[in-house]
Amino acid sequence: MLPWFRAARTPRTRSVFAALLLAVTLLAAPTATATAATPTAAAAATPTAAAAATSRGWNDYSCKPSAAHPRPVVLVHGTFGNSVDNWLFLAPYLVNRGYCVFSLDYGQLPGVPFFHGLGPIDKSAEQLDVFVDKVLASTGAPKADIVGHSQGGMMPNYYLKFLGGAPKVNALIGLAPDNHGTTLLGLTKLLPYFPGVDKFISDKTPGLADQVAGSPFITKLTAGGDTVPGVRYTVIATKYDQVVTPYRTQYLDGPNVRNVLLQDLCPLDLSEHVAIGTIDRIAFHEVANALDPARATPTTCSSVIG
């Protein structure tokens, strides 16, 4: 979840943002490290944001995968994020390493610009399905690799399990994904004490309600196992995550799964939920390793300058 907010100007937007503010107040306090990405949010508000992304090398539909990196990488933003702001550092990092990189917006609500990932997650997965097909058709590649942050690391699991995505995906890499939902430090347990709030959040921001541990969506997603055959999974977590909690619930269980804790690689890494997906180059190094395990190099504290 990326807690970045703007002023609401229409009645529809005000009503939705009232729900957002209430949900965030009850469920997820904004994090200090979000300020690292906040100055760029204004850029995403302009019509040139997508063009700026292309000029920096990603979302370039003329890109053709190389022999060294034969699959395009699809980046899936987190809740409250968008296809530009979430990836201002990771996308160029991967482009500079020779990958064709693409990012999408999903989960838009009517009248709410810039802040996405708020719609029903099963519908967001349908948007990912369409986008992956578009990327594969453009690049000519038979499969893609997916890298997602927060909801963006979890939502593709629905695409793989229920929408026929598995044959089109080689690897799914999640940065702080809420694969089993979140308790938000136990705050979700307070919802029953606020009559009507649960329904209000579900009605106004279903993408938030879907991510609560034990929700009908999470129950359906995790039934029958965490993974599907033929896909490699990597989960990259931080023990300082204050949004997807407990952090170990991010881990997946199954074959072809690698669960990584940043602090096992670098005890000095203090990244929390926002930073791990937006600015942490140690996490980025692990993403690169997961995309190309045959050429993986050890990830250490020095990876921040690599």
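**Stop one: the disulfides**

Select cysteine 63 and cysteine 100: a disulfide (a pair of cysteine sulfur atoms within 2.5 Å) joins them, with S to S at 2.0 Å. Look along the S-S bond and you'll find -80 degrees about it, a left-handed link. Cysteine 63 sits in the loop between α3 (49–55) and β1 (73–76), and cysteine 100 in the loop between α4 (90–95) and β2 (101–104), so the pair ties together parts 37 residues apart in sequence. Helices (H or I, at least four residues) and strands (E, at least two) are DSSP runs here, numbered from the N terminus.

Before moving on, a word on the source: this is a predicted model, where local features need pLDDT of at least 70 and side-chain atom pairs count only at pLDDT 80 or more, while totals for chains, interfaces and linings use all residues. Residues are numbered from 1 along each chain as its sequence is written, and side-chain values use heavy atoms, leaving out hydrogens and water.

Now jump to cysteine 266 and cysteine 301, also joined by a disulfide with S to S at 2.0 Å. The torsion about this S-S bond is about 105 degrees, so the disulfide is right-handed. Cysteine 266 lies in the loop between α10 (262–265) and α11 (273–278), with cysteine 301 in the segment after α12 (281–291), so this pair ties together parts 35 residues apart in sequence.

Is cysteine 301 buried or partly exposed? Cysteine 301 is partly exposed at 29% relative accessibility, while cysteine 266 is buried at 3%. Buried means under 20% relative accessible area, exposed over 50%, and partly exposed in between (1.4 Å probe, protein chains only).

**Stop two: the cores**

Next, select Val74, Val76, Leu128, Ile146, Tyr159, Leu160 and Val231, which touch the most other members of the 36-residue largest nonpolar core. Such a core is a set of buried Ala, Val, Leu, Ile, Met, Phe, Trp, Tyr and Cys residues joined through side-chain atoms within 4.5 Å. The largest share of this core, seven residues, comes from α5. Apart from it lies another core, of 29 residues, including Tyr93, Ala176, Val287 and the already visited Cys266.

**Stop three: zoom out**

Show the whole protein chain: there are twelve helices and six strands. Buried residues make up 55% of its 306 residues.
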